[in-house]
Amino acid sequence: MSTTERPRILVVGGGYVGLYAARRILKKMRYGEATVTVVDPRSYMTYQPFLPEAAAGSISPRHVVVPLRRVLPGAEVLTGRVTSIDQDRKVASVAPLVGDAYELPFDYLVIAMGAVSRTFPIPGLAEHGIGMKGVEEAIGLRNHVLEQLDKADSTTDEEIRRKALTFVFVGGGFAGAETVGEVEDMARDAAKYYPNVRREDMRFVLVDAAPGILPEVGPKLGEWGLEHLKSRGIEVYLNTSMDSCVDGHVVLRNGLEVDSHTIVWTAGVKPNPVLSRFGLPLGPKGHVDVDATLQVRGVDHIWAAGDNAQVPDLVARKEGGPGPHFCPPNAQHALRQAKVLGDNVISRLRGFPQSEYRHANKGAVAGLGLHKGVAMIVVGKTRIRLRGRLAWYMHRTYHGLAVPTWNRKIRVFADWTLALFLKREVVSLGAMEHPRGEFYEAAAPVIASARAASDADGAPGRDRKAPTERTSERTGTSERAEKAKVS
């Protein structure tokens, strides 16, 4: 980490808002005008709308993440967590991945920590649930589902087969509906290569406490999406929730009980709980309370936007209707808020007035598997509703153009183009979750045998690195071993 006497603009979070805000600031900033520092536990930004497709293998996981250091060459990128903020002293406490925490001074602060999965104290959820907030979870889900097909194809135990081939998804919003649609599509294709597994053997269950799914696209398209999923053999239970899933035994509030090795949790998000330590004004649900300029209320040097902020929706307020009028936490608003935020930081740095964030909803799109989707496009006061293949094209076109950097856009469109001519990959790489497992199984018995032999020789105090030294003696790289040979 470099030190500087220039004003420091500290961006806490490298997600959608953090990345775009930092890029905007760097673009507008004069040479040497300030130092931009981005702090995030990960060195990359994840384009979350592509996670369901990554879980289904339609997009390479590497193509849904954007390396921060590559796209922010003019910024300091620190891999760590901001654990607290002292507003009076204008310093942030940073906990790096390794080593001791340290204080980082700042002049201007951007809060862009995003959201985390909203969970409840459901017995068994922490032990068996799979989230869909990061690319690691998407990769893990894909490998896990294919591994369940491997298990079912290789056993004659009907109980094991039934549990392996039952997949439960909790949450019917964008994340839940898109994920169950994509994963069911992948499992249907994969079943062609398993002689003992058919699609009819699988059971997909979608659970939501709301009366409908996909509320973001409106009730009509939500109803069509619901009927479409049912037509594919997916069981959908609305107005209910999951009470427990201990040892994979799922109990729903409506009385249904199923056994499953796969429980995917997509029941909404909540602001990062670390925000409560920052001493900032928070809304009733834990979001940072900001005004229309994206400045934290009562503070002129701190801004917030995206999933962790409560941003007034000026367009909705002008049109009237039931409140409260706040911008929904989606990529459409996050991208535009980040640009206004970046401009306002530069304006504050130069002593100019702030601009208000104002954006009218342009609609929503969702993919439910290959060639299947729903889309609601707003043109003026007209709402155009699309479904099926055309809506799926709209979904891919919008998100393909929205993913950051031309590098990623080209790679994503290349993945989709190749998929037109090549079959979907259905191989499970479950060992990626524990890459050293096989090596450990091979090495541990050898080391244990060597230690047992050493103890049997009556040398309890012998150096435990002796096997390494013997190897070094054979290769001639151990100075100590060479001296022993000479003597």
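**Close-ups of charges and rings**

**View 1. Glu158, Arg161, Arg198 and Asp201 join up in a salt-bridge network.** This is a predicted model, where local features need pLDDT of at least 70, side-chain atom pairs count only at pLDDT 80 or more, and totals for chains, interfaces and linings use all residues. Residues are numbered from 1 along each chain as its sequence is written, and side-chain values use heavy atoms, with hydrogens and water left out. A salt bridge here is a side-chain nitrogen of Lys or Arg within 4 Å of a carboxyl oxygen of Asp or Glu. Glu158 meets Arg161 at 3.7 Å, N to O, and Arg198 meets Asp201 at 3.4 Å. Glu158 and Arg161 sit three residues apart in helix H6, so about one helical turn separates them. Helices (H or I, at least four residues) and strands (E, at least two) are DSSP runs, numbered from the N terminus. Arg161 is buried at 11% relative accessibility, while Asp201, at 27%, is partly exposed. For these labels, buried means under 20% relative accessible area, exposed over 50%, and partly exposed in between (1.4 Å probe, protein chains only).

**View 2. Glu184 and Arg188 pair up within helix H7.** Their closest N and O atoms are 2.6 Å apart. The two residues lie four apart in this helix (residues 174-190), about one turn. Glu184 is buried, with a relative accessible area of 0%; Arg188 is partly exposed at 32%. Across the structure there are 22 salt bridges.

**View 3. Phe50 and Trp416 make an edge-to-face aromatic pair.** Rings of Phe, Tyr and Trp (its six-membered ring) pair if their centres lie within 6.5 Å; planes under 30 degrees apart are stacked, over 60 edge-to-face, and the rest tilted. Here the centres are 5.7 Å apart, with 90° between the planes. Phe50 is in the loop between strand E3 (44-46) and helix H2 (51-56) and Trp416 in helix H12 (residues 406-419), so the contact ties together parts 366 residues apart in sequence. Both residues are buried. They also belong to a ring cluster with Tyr16, Tyr20, Tyr47 and Phe413.

**View 4. Phe120 meets Trp265 edge-to-face, because their planes lie at 70° with ring centres 6.1 Å apart.** Phe120 is in the loop between strand E9 (115-117) and helix H4 (125-128) and Trp265 in strand E17 (residues 262-265), so this pair bridges 145 residues of sequence. Phe120 is partly exposed at 44% relative accessibility, whereas Trp265 is buried at 6%.
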